[in-house]
Amino acid sequence: MKKIAVLTSGGDAPGMNAAIRAVVRSGIAAGMEVIGVRRGYDGLLDNDVFEMDLRSVSNILQRGGTFLSTARSPRFNTPAGVKQAARNCRQMGIEGLVVIGGDGSFKGARDLCAEGISCIGLPGTIDNDISCTDYTIGYDTALNTAIEMVDRIRDTMQSHDRCCIVEVMGHHKGDLALNAGLAVGAVAILVPEEQYNIDRDIIAPIKRSQKLGKHHFIIVVSELMVDIEALCKEVERKIGVKTRSCVLGHVQRGGSPTARDRVLASEMGHYAVQLLVQGKSCRVVGIKNDQLVNYDITEGLAIPKEFNHELLRVAREISI
Ligand code: F6P
């Protein structure tokens with residue numbers, strides 16, 4: 001393989017730049033030309049590409065976001081769009097493509113493979129919602145950011161004897177909420193993987209803690225589950241403690257990647273290029289028990305995502 005390309009797609013995630021850097025430098029080390037594609041699959045459709053060299057990825061390892069820019073591309077997500085993108089790749093001599101993104105982006109990669117372009121997917125999303133990997137690029141940074149923010153919120157809640165309901169991202173998966181909630185000592189954690197009951201899962205633990213002398217409370221909820229303002233009013237009425245809300249939002253997606261995300265992204269980027277060198281296609285990369293692994297994209301996406309229910313039980317037991 002003489003020429004490969006790299007793009008980022010879907011929501012950005014800290015560590016994507018480190019992954020791009022690893023792909024570019026490993027590709028050049030393997031004797032290949034490496035093309036950067038701007039704005040995800042939109043860039044492939046518009047031929048918005050440029051040749052990268054060793055220096056074009058200097059000074060990006062430590063930066064959040066993605067310097068290639070990213071997009072969700074409705075234009076690409078049609079049979080005609082995929083065919084056009086594959087045609088453009090062929091015209092530019094691009095034989096292999098590394099796609100850094102989430103499961104939606106991998107479906108696009110799988111479709112491009114069917115059109116003859118060898119694709120490798122790298123899991124880049126703060127949600128940690130890709131089943132064939134223990135960790136996605138960006139998750140660790142987002143988790144640490146969420147924890148830092150909630151620690152700050154706790155300072156003010158503790159000073160006023162208040163309760164705060166904090167909403168974290170996750171896109172229908174509860175890893176961020178569970179692990180942030182455990183790490184900040186949240187008295188209640190709501191995740192999409194478990195049905196909740198406000199009296200049982202929020203009010204009862206708070207009342208139990210109140211009886212034991214606790215005066216301030218942090219509740220962590222995963223996004224897209226509850227109307228946080230309505231929940232605030234209900235909780236305040238039932239526990240008799242002033243309750244505020246805070247939606248952490250996109251602050252969780254930005255920022256300099258943690259050591260863990262930089263290392264993971266660098267390892268995965270290098271591994272993706274090795275797979276292309278070996279002539280592999282339609283693979284998604286993961287890390288399982290600290291070992292890099294790769295799966296057929298369709299099979300990888302079909303693996304059910306496991307949720308650590310036991311850890312949630314532990315969090316509930318010790319946050320008292
Ligand atoms: O997938 C990453 C993510 O940040 C999710 O956690 C969130 O649900 C979604 O993207 C938000 O998307 P947007 O930035 O388009 O609002």
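**Close-up views of aromatic pairs and a strand residue**

**View 1. Tyr 139 and its ring partner Tyr 135.** At 4% relative accessibility, Tyr 139 counts as buried, a term that means under 20% relative accessible area, with exposed meaning over 50% and partly exposed in between (1.4 Å probe, protein chains only). Tyr 135 has a relative accessible area of 32% and is therefore partly exposed. The ring centres of Tyr 135 and Tyr 139 lie 6.3 Å apart with the planes at 25 degrees, so this pair is stacked; rings of Phe, Tyr and Trp (its six-membered ring) pair if their centres lie within 6.5 Å, and planes under 30 degrees apart count as stacked, over 60 as edge-to-face and the rest as tilted. The charged end of Arg 260 sits over the ring of Tyr 135, 4.1 Å from its centre (NZ of Lys or CZ of Arg within 6 Å of the ring centre and within 35 degrees of the ring normal). The model is predicted, with local features requiring pLDDT of at least 70 and side-chain atom pairs counting only at pLDDT 80 or more, whereas totals for chains, interfaces and linings use all residues. Residues are numbered from 1 along each chain as its sequence is written, and side-chain values use heavy atoms, leaving out hydrogens and water.

**View 2. Tyr 41 and Phe 76, one of two aromatic pairs in the structure.** The rings have their centres 3.9 Å apart and their planes at 0 degrees, so the pair is stacked. Tyr 41 and Phe 76 are both buried.

**View 3. Ser 118 in strand β5.** Ser 118, at 15% relative accessibility, counts as buried.

Methods: Helices (H or I, at least four residues) and strands (E, at least two) are DSSP runs, numbered from the N terminus.
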